[in-house]
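Dear colleague,

I am handing over the structure below, and after it I describe what was found there. Please read the notes with the structure open beside you.

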Amino acid sequence: MASGCKIGPSILNSDLANLGAECLRMLDSGADYLHLDVMDGHPALQGDMHMMVSKPEQWVKPMAVAGANQYTFHLEATENPGALIKDIRENGMKSCSVTQAEVQWHSQGPLQVGLAIKPGTSVEYLAPWANQIDMALVMTVEPGFGGQKFMEDMMPKVHWLRTQFPSLDIEVDGGVGPDTVHKCAEAGANMIVSGSAIMRSEDPRSVINLLRNVCSEAAQKRSLDR
Ligand code: DX5
Ligand code: ZN
C-alpha cells in the first residue's frame, strides 16, 4: 500500500525564531519528513510544502528551486488543477539543472504533487485527479493555524479514498495526535501530520513512534484483510 507510514511534524507552532534548530530537533526525534505550512507572504524551506495560499500557481518555481520535496496545493485555490499539476511536474524536473539547487535535487528527486481539500470540499472533487498526484491531503481542521479540534467527520473521505485508490499516499492534517491518530489510521491515512501534539511534548520521539506504530498496525491489518 502507498509508500508506508510516515510521520511529518508540522512546525507551524514551533519556536519560529529557531526554525533550523526546531527542524533538526524533529529529525533527530525520528520524523520521517517535515510538513511546512506556507501562507501568503511567508517564506519556506525544504520539505512537504502545504501551500495555504490564494495563488498556488505563482510559488511552484521558487519552491522547486529552493529544494522542496513536495508541493501540496489546495483544490479550492485554483481553477485549473490539471495545469498546475503539469507545471509542478515540469518545474520539478527542470530544477534538477539549476546549479544552486543541483546537489539537493540529485538526492531528492523531482518535486512530488500533493492535492489538499478543506473540510467543506467533497472528496468527489479530488477523485478525478487522484491518478495524477502523489498524495491526497484531507484536512481535518479548517486550514490556518495549529491546535484546533480534530474533525472526525472527515474520516469517511479518507476511507473512501483508501478504498478507491489503494496505493495513493493519503495525508491527514489538523488536530492529529495520540488521541485521534487511531481514527485516521483505521480510515486509511498513511501520512500523519501532527503539530502541537509533537511540538508541545517533552518527548517528541515517543509521540512520533506512537503515531507511526498506530499507523503501521492499521496498514498491516488492512493488507491482511485484503
Ligand atoms: C493547520 C496547518 C497544520 C497545523 C497542524 O492549518 O495546516 O499543519 O500546523 O497543527 P495541529 O496538529 O496542532 O493541528
Ligand atoms: Zn498543514
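A polar contact here is a pair of N or O atoms within 3.5 Å. With that cut-off in mind, a polar side-chain atom of Asp 37 lies 2.8 Å from an oxygen atom of ligand 1, and please keep in mind throughout that this is a predicted model. On its own, ligand 1 has 380 Å² of accessible area, of which the protein covers 99%.

The shell around ligand 1 consists of 19 residues, the closest being Ser 10, Gly 144, Asp 173, Gly 195 and Ser 196. At least two residues of the shell come from each of strand E2 (35-39), strand E3 (48-52) and strand E8 (191-194).

Turning to the aromatic rings, a search of the whole structure finds one aromatic pair. Trp 160 and Phe 165 form this pair, which is edge-to-face, with 6.5 Å from centre to centre and 75° between the planes. Phe 165 counts as buried because its relative accessibility is 14%, under the 20% cut-off, whereas Trp 160, with a relative accessible area of 28%, is partly exposed.

With kind regards

Terms used: Residues are numbered from 1 along each chain as its sequence is written. Chains are lettered from A and ligands numbered from 1 in the order in which they are written. This is a predicted model: local features need pLDDT of at least 70, side-chain atom pairs count only at pLDDT 80 or more; totals for chains, interfaces and linings use all residues. Side-chain values use heavy atoms; hydrogens and water are left out. Rings of Phe, Tyr and Trp (its six-membered ring) pair if their centres lie within 6.5 Å; planes under 30 degrees apart count as stacked, over 60 as edge-to-face and the rest as tilted. Buried means under 20% relative accessible area, exposed over 50%, partly exposed in between (1.4 Å probe, protein chains only). A residue is near a molecule or strand if one of its heavy atoms lies within 4 Å of it. A polar contact is a pair of N or O atoms within 3.5 Å; within protein, one must be able to donate a hydrogen and the other to accept it, and residues adjacent in sequence count only if both atoms are side-chain atoms. Accessible areas come from the Shrake-Rupley method with a 1.4 Å probe; for residues, only the protein chains shown count as cover. Helices (H or I, at least four residues) and strands (E, at least two) are DSSP runs, numbered from the N terminus.
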